[in-house]
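Subject: Structure handover

Hello,

Please find the structure for your files below. My notes on it come after.

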Amino acid sequence: MSSIKISIFTPTYNRAFSLHRVFESLQKQTYRNFEWIVVDDGSTDNTEALIKEYKKNADFDIIYYWQKNQGKHVAINKGTSLASGELFSIVDSDDYTRENYVETILFYFNKIKNNPTIAGITTPRGNQSKVGILPNDELICNSFDLYKYDIHGERDMIIRTNVLRNFPFPQFPEENFCPESLVWKRMSTKYNFYFVNKIIQIGEYQKDGLSANYWENMKKSPQTAILYFTEMSNYKKIPLKTRLFTLENYWKFSNVNTSLSFFEKLKKVPFFLSIYVITRIYFKSFLNKVKNNKS
């Protein structure tokens, strides 16, 4: 049996009512060399007491850390620093795993562990209405390549811990949200991923969860949003339509939330694409004013 240890990480915020699903699924694992790291992002419910009870009954290591509410991305940074496993797997507090979760990860990791150009493994998350199908059951590529395969839906990431430590999530004061794809895209400029068409983790999305409130969270974290849209618009491997969409959001956010001059903002993003997007934004605004005046 492999000696590779896996750090299974769960960020949580007032999710005591759903954490039992994660814990119970980990208790059933067919491979036992793993640790469970729980970073509590400022919960005010009985999460801490619950984890203490879990520790009494678990035959695997449980590491619990409480921090002031700062967002999932900050919790991931902390969890990465606490991890002792070779691989770092994120299992959200409203998710659960299949009982061969860890064993399956190791099966695929053994195929690519000696290839330092591959950052980790990614699998489709269960319970989604749209999940893109890869051209093959297994595929090695970066996340930019997925655009040509028209892949949809969230995917679960199992990353080499030492690689993830080199790609920390950016942190801005008083901002509690950062899209995880920001880091996965940065990672894709240097690494490939091992994409596997096998669902081993099930997602149970909550109405107040990050996925359901993506745009509201972006509005509350404007500096992070500007950084995200800046980087996305500069990736030439991303389809033109997507780059234009991100540029439009860049200008909307930066016009409200930065003190930079127009030309300073223009230097950060593709020039000609920006001119096109700005023209389109102002033309839409003009048409809306005309329409409103007529009504």
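Predicted model: local features only at pLDDT ≥ 70, side-chain atom pairs only at ≥ 80, totals over all residues.

Residues are numbered from 1 along each chain as its sequence is written, and side-chain values use heavy atoms, with hydrogens and water left out.

Whole chain

The secondary structure of the protein chain comes to 11 helices and 10 strands. Both are DSSP runs numbered from the N terminus: helices are H or I with at least four residues, strands are E with at least two. Along the principal axes, the C-alpha atoms fill a box of roughly 70 × 45 × 35 Å.

Of the 295 residues, 50% count as buried. Buried means under 20% relative accessible area, exposed means over 50%, and partly exposed lies in between, with a 1.4 Å probe and protein chains only. Among contacts with a separation of 6 or more, 79% are between residues 24 or more positions apart; contact means heavy atoms within 4.5 Å.

Helix packing

Two packed helices are described by the angle between their axes and the distance between the axes. Here the axes are lines fitted to C-alpha atoms, for helices over the stretch in contact, and angles run from 0 to 180 degrees between N-to-C directions.

Helix 9 (residues 240–257) has 18 residues and spans 25 Å from its first C-alpha to its last, close to the 26 Å expected at 1.5 Å a residue. The expected span is 1.5 Å times one less than the number of residues. The buried residues of helix 9 are Arg243, Leu244, Thr246, Leu247, Glu248, Asn249, Tyr250, Trp251, Phe253 and Ser254.

Helix 8 (residues 222–234) and helix 9 have axes that come within 8 Å and cross at roughly 150 degrees. The crossing is left-handed, a term for the near helix being turned anticlockwise from the far one by less than a right angle, with clockwise giving right-handed. On the helix 8 side, the residues in this contact are Pro222, Gln223, Ala225, Ile226, Phe229, Thr230, Met232, Ser233 and Asn234. They meet Thr242, Arg243, Thr246, Leu247, Asn249, Tyr250, Phe253, Ser254 and Asn257 of helix 9. By class, the contact has eight nonpolar, nine polar and one charged residues. Ala, Val, Leu, Ile, Met, Phe, Trp, Tyr, Cys and Pro count as nonpolar, Asp, Glu, Lys and Arg as charged, and the others, Gly among them, as polar.

Helix 8 also has a contact with helix 6 (residues 180–188), where the axes come within 10 Å and cross at roughly 35 degrees. Helix 6 passes helix 8 in a left-handed crossing. Ser181, Leu182, Lys185 and Arg186 of helix 6 make the contact with Leu227, Tyr228, Glu231 and Met232 of helix 8. Its classes are four nonpolar, one polar and three charged residues.

Single residues

Trp251 is in helix 9 and is buried, at 2% relative accessible area. Beyond its neighbours within four places in sequence, Trp251 is in contact with Phe262, Lys265, Leu266, Val269, Ser274, Val277, Ile278 and Ile281.

Val102 lies in helix 4 (residues 101–112) and is buried, with a relative accessible area of 0%. With neighbours within four places in sequence left aside, Val102 is in contact with Ile6, Ile8, Gln29, Tyr31 and Phe34. The C-alpha atoms of Val102 and Ile275 are 49 Å apart in space, at 173 residues apart in sequence.

Most residues other than glycine have a negative phi. Asn14, not a glycine, has a positive phi of about 55 degrees. Asn14 is in the loop between strand 1 (6–12) and helix 1 (19–27) and is partly exposed at 21% relative accessibility. Glu174, also not a glycine, has a positive phi of about 65 degrees. Glu174 is in the loop between helix 5 (161–165) and helix 6, and is exposed at 75% relative accessible area.

Regards
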